[in-house]
Amino acid sequence: MSFIIKNAKYVYTVNGEDSILEGANIVVRDGVIESINPDTLPQDIHDIYDGKDRLIMPGLINTHSHLAMTLLRGWAESVNLDGFLELVWAAEGAIMDKPTAALGTELGAAEALKGGTTTVLDMYLNPDATHAAAVKVGLRHVAGPIFFDFPGLDGLQWEERMEFGRKWPAILKEIGGPEIPTYFMPHSTYTDSPEHLREVADLAAELGARIHLHVSETLNENNMVAERYKKSPTEVCRDTGILDVPTVFGHGVHLSESDVAIAQSHKTAVAHCPSSNLKLGSGVADYLNYCERGLTVGLGTDGCSSSNDLDMWIVMRVAAHMISLKHSPADVRPSQIVRAATIDGAKAIGIDHLVGSLEVGKRADIIAIDLTALHLTPIHNVAALLVFAAGRSDVSDVWVDGNRVVDFRKPVQIDEQDLRKRVAERVKVLEELKVQPNAI
Ligand SMILES: [Zn+2]
């Protein structure tokens, strides 16, 4: 957990000034960034990483995903959100018991880390099992109990969900792993009644927890909620006390100006998921407007059954292209997109005191980009290189909490081949049950 990155070609700090240092050194001691470019390097740290051909930056932060759903990659194609949910919920019913959720999360965590994502805000059933699996791989995995009105695949009744929520802080402590906040994750305002949302909000306030839920992903969702309650999903959140605790909206594609004002006054953050939103035809969230109106906006991939991968590089690029389309290319600032994928994501989740930038005193969640690729040559603008040219296969090394969890493109803490074998074996069940994807 102590090492020195020596002579890095670039260190992209994502600090307040977006400083980019050249030929810089970083000293990490006991998982914490001790110094950046000190006059003299400590003599007692012998693990030296040669940064000659590397760009060093903070690990990417994925603010909305469902990692276990990597097992359903490609299962529901050519459908909108409603068609997607129908297909995916049927497949989940056939396959997603507790060990399978853990297996899918292990796969997702490994995929995320190899692609340079060091933190994921992950909403999925059986979070005790999924969290243990992700921690095993080395991810900073922000999980939390799921709440909806009906008993789901986990078979829990409402009272049992509340009981599990109460126990969650102790469960987190027992599992260990990189530090994360306590989260509760009611699925949405269309799957949780206002009374139940109020109960979750009260418990979160009592335990000092944060909340993550889907909000205004589609117009259809807005219409359904308006029909039931004569309110927008954001108003339901406000009126049930959800927004009285720090909350991250998943998607937030269709927030009205009044919703944005409500979110802003409650310091509610948004997880912008442009790839998923485009693929499902959900709409184009006005990222720039949200930022200008004072919301903290992070980026997310969503689950692999809706956006097919956990690639935050593509998400950055699509987020930038959406700005060009919705506003103009002159409004695209690559450094702002890099911030969205790092420090803004950390702020949204409530971990910016720990990670999200390379600054002295922060935990060492660091990635190294191999700059030797032809497609990364030459370099005129570092931020533009990251947003518009770099990809996840350019990530060579990854540290979380100062532990090297990816070593020259290889996950360190798990056996990749063995994982692939276990996944292939498990998904055979879907074939046997003849639940067929509608691939075209
Ligand atoms: Zn989602």
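Modeller: The axes of helix H4 (residues 158-175) and helix H5 (residues 194-207) come within 11 Å and cross at roughly 15°. This is a predicted model, in which local features need pLDDT of at least 70 and side-chain atom pairs count only at pLDDT 80 or more, while totals for chains, interfaces and linings use all residues. Residues are numbered from 1 along each chain as its sequence is written.

Some terms first. Helices (H or I, at least four residues) and strands (E, at least two) are DSSP runs, numbered from the N terminus. Axes are lines fitted to C-alpha atoms, for helices over the stretch in contact, and angles run from 0 to 180 degrees between N-to-C directions.

Because of its angle, H4 is roughly parallel to H5 (under 35 degrees is roughly parallel, over 145 roughly antiparallel, 65 to 115 roughly perpendicular and the rest oblique).

On the H4 side, the contact is made by Trp-158, Met-162, Gly-165, Arg-166 and Pro-169. H5 supplies His-196, Glu-199, Leu-203 and Leu-207. Two residues are in contact if their C-beta atoms, placed from the backbone, lie within 7 Å. By class, the contact of H4 with H5 has five nonpolar, two polar and two charged residues (Ala, Val, Leu, Ile, Met, Phe, Trp, Tyr, Cys and Pro are nonpolar, Asp, Glu, Lys and Arg charged, and the others, Gly among them, polar).

Now the backbone. Most residues other than glycine have a negative phi, and most peptide bonds are trans. Ser-216 has a positive phi, near 50°, and lies in the loop between strand E11 (210-215) and helix H6 (219-229). Ser-216 counts as buried because it has 27 C-beta neighbours inside 10 Å (20 or more other C-beta atoms within 10 Å is buried, 12 or fewer exposed, in between partly exposed, with C-beta atoms placed from the backbone).

Phe-408 also has a positive phi, near 40°. It sits in the loop between strand E17 (403-407) and strand E18 (410-411). With 9 other C-beta atoms within 10 Å, Phe-408 is exposed.

Finally, Thr-377 and Pro-378 are joined by a cis peptide bond, with omega about -5°. Pro-378 is in the loop between strand E15 (366-370) and helix H15 (382-388).
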